[in-house]
Amino acid sequence: MSKDFSKMAEKLGESGDSSHYKWFLDNSEGYRCICKRFHVVAMTKALWVYHLLLLITVTVTFFYHQLMYLWPSWVLVFLSGYAIYRQKSPWMWPFVIWVGLTIIMFVLLGAYLFFYSIFIRRTQKQESIFDSTTSSVLIHLGTLLFCLFHIWQFPVVSAAQRYFKNVDDVAEKVPYGLP
């Protein structure tokens, strides 16, 4: 895919009109996701809002008194937002790291729920609403869906990072004063 972009850049560079390369990048199918309907930058912005809301929810729900221990995750999320705002490819690494950490977090959560439902809950004699096998299966399917959703985010964020890099590369070739 990057060979096609470099060929297009060379072709546009030979004609002296490299200002149209950004238009080509915006309309390229390589930078589209969800059935080629949404641009990866717009989707990355939406994913950043999702992750911000997820972090707020997890912090308020589970770790309100341990807020001091969560400062690295808050720093990663806010650095990610700044990187998306500035549209700089090297600054996108905190968001890539954060997406990777959320994948690990949901895998560990799924493993915890799995072992909890098998070993710990089976030894308790109390009757509760969560003792049914159906609710256990639904919880595991929900965790699996969250893991798959976060794994899907990896290529989207990586494509946004490549997009920012290609735009920066073209910005160096555009003569001063052209749009």
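The model is predicted, so local features need pLDDT of at least 70 and side-chain atom pairs count only at pLDDT 80 or more, while totals for chains, interfaces and linings use all residues. Residues are numbered from 1 along each chain as its sequence is written, and side-chain values use heavy atoms, with hydrogens and water left out.

An unreviewed UniProt entry lists residues 47-71, 91-116 and 137-155 as "transmembrane region"; such annotations may be inferred rather than shown by experiment. Two of these spans compare as follows, with helices (H or I, at least four residues) and strands (E, at least two) taken as DSSP runs numbered from the N terminus.

Now to H4, which covers residues 71-86. Its 16 residues reach 22 Å from first to last C-alpha, close to the 22 Å expected (1.5 Å times one less than the number of residues). Ser-73, Leu-76, Val-77, Ser-80, Gly-81, Ala-83 and Ile-84 are its buried residues (buried is under 20% relative accessible area, exposed over 50%, partly exposed in between, with a 1.4 Å probe and protein chains only). They line one face of the helix, because they fall within an arc of 160° seen down the axis of H4 (the arc uses directions from the helix axis to the C-beta atoms). Exposed Trp-71 and Tyr-85 sit on the face turned away from that buried side. Just after H4, Gln-87 takes a positive phi of about 55°.

Gln-153 belongs to helix H6 (residues 133-173). Gln-153 counts as buried because its relative accessibility is 0%. Leaving aside residues up to four places away in sequence, Gln-153 touches Leu-47, Tyr-50, His-51 and Val-99 (contact means heavy atoms within 4.5 Å).
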